[in-house]
Amino acid sequence: MDSEAKWNTPLEQRMQQADGKLSARRKRLLLSILESAADTYYLSSRKMAQRYGVDAATIVRTIQVLGYEEFSGFLTDLRAHFVTRITQYQVMRSTVRKYPAVDEHVLHSLEMDRANLEALRESVPPERIVELARRLNKARLIVVVGVDFAYSLAWQMAYGLSWLGLRAEAPMGSFGNLHHRARALGSGDILVAISFGRCLRASVEAAQTARKQGAWTFGITDVSNSPVARTCHDHWAVSVTSPIHNASYVAVVSALDALQVACAHLESRRALKWLREIEREEDAAGRWFAPAVSVPEKGRK
């Protein structure tokens, strides 16, 4: 497989491999399904057939040419294709006419957030969170990489871990800065790359560089065949599906909160020591707001 083909989605790879076996009619059908993946990845074979004016048997026979034994396997790869190839424009275009009122769009967004959160327990079970926490607790240095919207997640993760006594940082996401930080890592260090969908080049290449330098790499992404997932030693796949241009980070934030809980309780003595020192420093520095105490004027009754 050439260097470009390996980054194709599994569905694109199957289509490429089966190219000589597909008739022109079936190629057009598959391309139409891929181009409208946002509206097709959840359809049954019967519904999909109705949408394209063919019978269900045609759909089934077409995906069999690609090597799928079950329609469910095709749908899984179609969803992965949708997630990794969708653009912000396409996301909003696919939802803009679905609901006549803005409050219905808002409700739809909240429902998608809830679905993402409910899916988290299956996609990232507690034992996977504890497994990562054990590695982080033993790391010499943790560098968390996130670019654009994902920088807020990288900063939250690194800052939260630093409160527990871990050496963690989230460098600002310019390509050069991330490359230099990744190049300085080595054995005993961990780089966490956070990126979703098609994945940003700076995040993927930072993970590639860190891995070459001997650091252990971990990805937080949304599908198991994303560039981040395929680059890192291990990863979580957390749904960030959203009806608007930016991803929904509800489930990711929840996963990071759970990770900090695991890190803290695996090394509770260290965590308590650091938190106690922080508490004393904050009290001494007067960090928290307190209303000014009014002093009564002399002779005032």
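How many bridges join β3 and β4, and in which sense do the two strands pair? Select both: they pair in the parallel sense over 5 bridges. Two strands count as paired if DSSP finds at least two bridges between them. Helices (H or I, at least four residues) and strands (E, at least two) are DSSP runs, numbered from the N terminus.

This is a predicted model: local features need pLDDT of at least 70, side-chain atom pairs count only at pLDDT 80 or more, and totals for chains, interfaces and linings use all residues. Residues are numbered from 1 along each chain as its sequence is written, and side-chain values use heavy atoms, with hydrogens and water left out.

Stay on the pair. V192 stands opposite F218 in β4. Now trace the chain from β3 through helix α12 (residues 201-212) to β4: this β-α-β crossover is right-handed. That is, with the strands pointing away from the viewer, the path from the first strand over the helix to the second runs clockwise.

Next, select strand β5 (residues 234-237). It pairs with β4 in the parallel sense over 4 bridges. T221 has A237 as its bridge partner there.

Color β4 by burial. Buried means under 20% relative accessible area (1.4 Å probe, protein chains only). Because 6 of the 6 residues of β4 are buried, the strand is largely enclosed by the rest of the structure. W216, F218 and I220 cover one side; T217, G219 and T221 lie on the other.

Last stop: W236. Its contacts (heavy atoms within 4.5 Å) include F218, I220, A255 and L259, not counting residues up to four places away in sequence.

How values were computed:
Buried means under 20% relative accessible area, exposed over 50%, partly exposed in between (1.4 Å probe, protein chains only).
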